[in-house]
Amino acid sequence: MGRVPPLNSLAPFESTVRLGSMTRAAAELHLTHSAVSRQIASLESHLAQQLFVRDGRGVTPTDEARAFAAAVARALDMIVGAADTVRRPAHQPLVVSCEPTLLQRWLLPRLAGFSTETPLHLSTSGGPVEFRTDAIDAAIRRDDFTLSENTRVRTLFAEWIGPVCHPDALTADGADASSLVRLNTQTRPDAWDTWTELSGRVVADGSTQSLEHFFLTLQAASAGLGIAIGSYPMVADDLSTGRLIAPWGFVPDGSRYVVLTPESAPPARTESLFRWLCDQPDTVPPPHLQARRP
């Protein structure tokens, strides 16, 4: 066995390479800047190799440092996964992070059918996941961001989008849509533009209203306050009960919903959840709701 590098230097080194800054690495690890600098200097001394180019603007990792940091990250993820397996008793909850709208409108209504001996703890969040610092076992996300390395990605279903509104707000063919308030959401600011480009259909502009979250926009549409771009998986139940209508159907927008887990973690802990998620009713709109370009 070769000489082992100073182990307490590896996390500061990997964080500095990943974040591009000793200052940000120190904040992530709750250390001082000088402590991070000392640990990296110790590692450089051990390796007899300069790992960063230092100038007045900060530090830039060398090619050798980037390759070494990738290996260190994989090793740290394996250690974290192994430690979690050892410390986690059988009754420890399975912690799942899910995007808020997907959780409220798709997952929760179906969750009574999920049977497992492991307690389930749900939290809401969106966007990137850092399993090394976030205390979660799995994340359910729409893949509209850059996925982290060392993350196992498994597809659930594709995203289909289209305008939806209360049935009393609009005729079935969508005539005179300009009389409706166009509902926008801050978490999907390009939703209307994306749908217009993909569907080839232009809806006359009326007044607009912006809401902070996607689930609020869909709730406003179902309450008859206007028309919103909906996600088929999240409005399918409302369409089936007649609470919402989709006058121009749905188009796939090229994104998908995925289950993310740490690549280093044993898959058995999350396998039953993933299988159950995949067994849920089809999330592809029926033919009459699959939009055709006009």
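Reader: Which residues is Asp-253 in contact with, leaving aside its neighbours within four places in sequence?

Author: Asp-253 is in contact with Arg-142, Glu-159, Ile-161, Thr-194 and Leu-198, where contact means heavy atoms within 4.5 Å. Bear in mind this is a predicted model: local features need pLDDT of at least 70, side-chain atom pairs count only at pLDDT 80 or more, and totals for chains, interfaces and linings use all residues. Residues are numbered from 1 along each chain as its sequence is written, and side-chain values use heavy atoms, with hydrogens and water left out.

Reader: Is Asp-253 buried or exposed?

Author: Buried, at a relative accessible area of 19%; the cut-offs are under 20% for buried, over 50% for exposed and partly exposed in between, with a 1.4 Å probe and protein chains only.

Reader: And which side chains does the Asp-253 side chain make a polar contact with?

Author: Arg-142, at 3.0 Å, and Ser-255, at 2.7 Å. A polar contact is a pair of N or O atoms within 3.5 Å; within protein, one must be able to donate a hydrogen and the other to accept it, and residues adjacent in sequence count only if both atoms are side-chain atoms.

Reader: Where does Asp-253 lie?

Author: In strand β10, residues 251–262. Strands are DSSP E runs of at least two residues, helices H or I runs of at least four, numbered from the N terminus.

Reader: Switching topic: how many residues of helix α1 are buried?

Author: 7 of its 10, including Phe-13 and Glu-14. Just after α1, Gly-20 has a positive phi of about 75°.
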